[in-house]
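Visitor: I would like to learn how to read a model like this one, feature by feature. Could you walk me through it?

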Amino acid sequence: MVVTSNGYIVDLTLVTNHPLLDPPNTRDQYIGAYLGQKDASIRDNIMFDRIIRTIDTTRLPNYIVTVNEGQCIRKLIFEQSYQTKALGAFFVAFEYEGTTRTSSTVVLMHNPTILPEQTTLTVHVGETVTIAVVTNITEDDLRWRFNGEKISDSNGKQSLTLVNVRLNQAGVYQCFVNGKRWDAGNAIFLLHVVRCPAYRWGSECEHTCTECLNGGMCDADLGECVCPPGFNGTICEHAICFNNKLPNRIINF
């Protein structure tokens, strides 16, 4: 969320039509970028990419199209024959008035071999968080990585517990079967860490946040409420929809 010089708040949101992919039954997969304020310069600067190399390819579709469906600005479209490339962790970014903002999402396989209990977690610094999976795979065969790097002391475990979480622990966590890191049925998590403790904001976290309704979270830089899927307003008090229905999955960050 960015407050512009003319007082507008720009929100960047990702929407995916199938957060759990089931090829070949799933129709064309897309990841759409929505902006709260339409602005040509922002639309032109939107960029899609993978957060890390989460499947055995880094290639994205060659085309990104501008559309006019509600607030949708751009879509990254995976045709049905290329849907396995739609698996993984993705982000979209734009620059406005010298500030770069991003939003991220995860697309997993339907009925995966390793099922994450949650695909996205947002916590505050100093909190304790557990990242866990459900699987029938023998625990000894499980391996973990954080932002692509091995987490050796977590081999053979179905969960990771981070105590007194730090900002540098935010990122992508993967759980996979030993020797099958690129298998489509592996688990991927996004962990977001807010730099201030809960209900605090400011450069030194010196201010108390306004109460955010409906699961909204206080932005640590601005003190504004960042709303969850389906809500907007100063304190997330209004229900909204996209194309007359709520999207299957939205992640605001």
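**Reading the chain**

Guide: Gladly. Buried residues make up 45% of the 253 residues in the chain, where buried means under 20% relative accessible area, exposed over 50%, and partly exposed in between (1.4 Å probe, protein chains only). This is a predicted model, in which local features need pLDDT of at least 70 and side-chain atom pairs count only at pLDDT 80 or more, while totals for chains, interfaces and linings use all residues. Residues are numbered from 1 along each chain as its sequence is written, and side-chain values use heavy atoms, with hydrogens and water left out.

Visitor: How many helices and strands are in the chain?

Guide: Helices (H or I, at least four residues) and strands (E, at least two) are DSSP runs, numbered from the N terminus. Here the chain has one helix and 25 strands.

Visitor: What share of the contacts joins residues 24 or more positions apart?

Guide: A contact means heavy atoms within 4.5 Å. Among contacts in the chain with a separation of 6 or more, 58% are between residues 24 or more positions apart.

Visitor: How do I read a sheet?

Guide: Strands of a sheet pair through backbone hydrogen bonds, either parallel or antiparallel. Two strands count as paired if DSSP finds at least two bridges between them. In this model, five strands form an open sheet with mixed pairing, in the order E12-E18-E17-E14-E15. Its edge strands are E12 (120–124) and E15 (149–150), each pairing on one side only.

Visitor: Which way do E12 and E18 run, parallel or antiparallel?

Guide: Parallel, with five bridges joining them. Thr122 has His192 in E18 as its bridge partner. E12 is largely enclosed by the rest of the structure, because four of its five residues are buried.

Visitor: What else does His192 meet?

Guide: The side chain of Ser104 makes a polar contact with the side chain of His192 at 3.5 Å. A polar contact is a pair of N or O atoms within 3.5 Å; within protein, one must be able to donate a hydrogen and the other to accept it, and residues adjacent in sequence count only if both atoms are side-chain atoms. Ser104 belongs to strand E10 (residues 99–109) and counts as buried, at 6% relative accessibility.

Visitor: How many bridges are there between E14 and E17?

Guide: Five, and strand E14 (residues 142–146) pairs with strand E17 (residues 171–177) in the antiparallel sense. Trp144 has Cys175 in E17 as its bridge partner.

Visitor: What about charge pairing?

Guide: Side chains of opposite charge can pair when their charged atoms come close. Lys and Arg count as positive and Asp and Glu as negative, while His and the chain ends are not counted. A salt bridge is a side-chain nitrogen of Lys or Arg within 4 Å of a carboxyl oxygen of Asp or Glu. Arg145 is buried yet has no salt bridge, and the nearest side chain of opposite charge, Glu149, is 6.1 Å away.

Visitor: How many salt bridges does the rule give?

Guide: The count comes to one. Asp221 forms a salt bridge with Arg195, with the closest N and O atoms 3.0 Å apart. The pair links distant parts of the chain, 26 residues apart: Asp221 is in the loop between strand E21 (217–218) and strand E22 (225–226), and Arg195 in the loop between strand E18 (187–194) and strand E19 (200–201). Asp221 is partly exposed, with a relative accessible area of 45%, and Arg195 is partly exposed at 29%.

Visitor: How do I read the two faces of a strand?

Guide: In a regular strand the side chains alternate between the two faces of the sheet. Strand E16 (residues 159–162) has Leu160 and Leu162 on a covered face and Ser159 and Thr161 on an uncovered one. Strand E13 (residues 129–135) runs antiparallel to E16, joined by four bridges, and Ile131 stands opposite Leu160.
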